[in-house]
Amino acid sequence: DDSPWMIAAMAGLEPQHPPGYPFFTLLGRAWLTLPLGGPGYRTALLAVMLMALTTTMAGTLARDLAVRSGGSPAVAQVAGAVMLTVAWTAWSQALTAKGGVYGLNLVFVLFLALAAIRGRSGPLEAGLTTGLGLAHHWMSIVITAPLLLIPLLSVAGWRRRAARATVFAILGASTYLFLPLRAGYGYVNWGDPRTAGRFVSVVSRDQYRQPGASSQTALRRRVDHAANVGR
């Protein structure tokens, strides 16, 4: 799948395929400094660790829901964690480097859900998580982030809290600046988002709405590009 490109992009700090995954690339580059095996092994290990974290968070979410509904928190926590742990999708994503994208995305989504249920998320946690989530897999965060309106708007001084959360969200989303700053380096540089038009095209995932934008076509383009750079 996309794992080889992802490993190369992390190692070279380059834009990945739409929507670019700037935060995940930066996180992966930091993770690659671990003295464990090669880049491929380390990136795959990151996917495993992120998916393991999601199972813990899923159990916590199930426990909180059980408390609110009068159920058994302990049973719900174990059941929630086990259900995600044995799910085929979770296993399939945990066993590829590309799966780290979905593991991290699920971490963001579960965090936002937990914050909404507990109703005590502060502007820093809510805003920064939303911003970083938008700089990772914005399609899921756009749907999930409105949950934060519940804890943010249900207390006194909500205007100030909402304003502070917005500032932190912008700060987190500013990670997208990584794409034009690092475009043009190395072999990957997907979409070459150095101009405003190309940047918008990458972030908006315009490639997937165009005729002939199949994974095979995109792969051929990247192979040709790498070959030309090599010559």
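Q: What should I know about the model before I start?
A: It is a predicted model, in which local features need pLDDT of at least 70 and side-chain atom pairs count only at pLDDT 80 or more, while totals for chains, interfaces and linings use all residues. Residues are numbered from 1 along each chain as its sequence is written, and side-chain values use heavy atoms, with hydrogens and water left out.

Q: How many helices and strands does the protein have?
A: Helices (H or I, at least four residues) and strands (E, at least two) are DSSP runs, numbered from the N terminus. Here there are 12 helices and 0 strands.

Q: What part of the protein is buried?
A: A residue is buried under 20% relative accessible area, exposed over 50%, and partly exposed in between (1.4 Å probe, protein chains only). Of the 231 residues in the protein, 42% are buried. Helix H2 (22–31) gives an example: Pro22, Phe23, Phe24, Thr25 and Gly28 are buried there. Their cover includes H1, helix H3 (39–69), H6, H7 and helix H10 (178–182).

Q: Where does H7 bend?
A: The expected span of a helix is 1.5 Å times one less than its number of residues. The bend at a residue is the angle between axes fitted to the seven residues ending there and the seven starting there. A straight helix of 22 residues would span 32 Å, but H7 (residues 123–144) spans only 16 Å between its end C-alpha atoms. The bend in H7 is about 135°, at His137.

Q: How many salt bridges does the structure hold?
A: A salt bridge is a side-chain nitrogen of Lys or Arg within 4 Å of a carboxyl oxygen of Asp or Glu. The structure holds 4 salt bridges. In one of them, the side chains of Lys98 and Asp2 meet at 3.0 Å, N to O. This pair links distant parts of the chain, 96 residues apart: Lys98 is in the loop between H5 and H6, and Asp2 is in the segment before H1. Lys98 is buried at 6% relative accessibility, while Asp2 is partly exposed at 23%. Asp192 and Arg194 also meet in a salt bridge, at 2.7 Å, N to O. Salt bridges with shared partners join Asp192, Arg194 and Arg198 into one network.

Q: Which residues form a nonpolar patch on the surface?
A: Patches are made of residues with over 30% relative accessible area and no salt bridge; like charges are joined within 9 Å, and nonpolar side chains (Val, Leu, Ile, Met, Phe, Trp, Tyr) within 5 Å. Accessible areas come from the Shrake-Rupley method with a 1.4 Å probe; for residues, only the protein chains shown count as cover. Val78, Val82, Val86, Trp91 and Leu95 form such a patch, with about 530 Å² of accessible area together. Trp91 lies in helix H5 (residues 88–94) and is partly exposed, at 48% relative accessibility.

Note on methods: Contact = heavy atoms within 4.5 Å.
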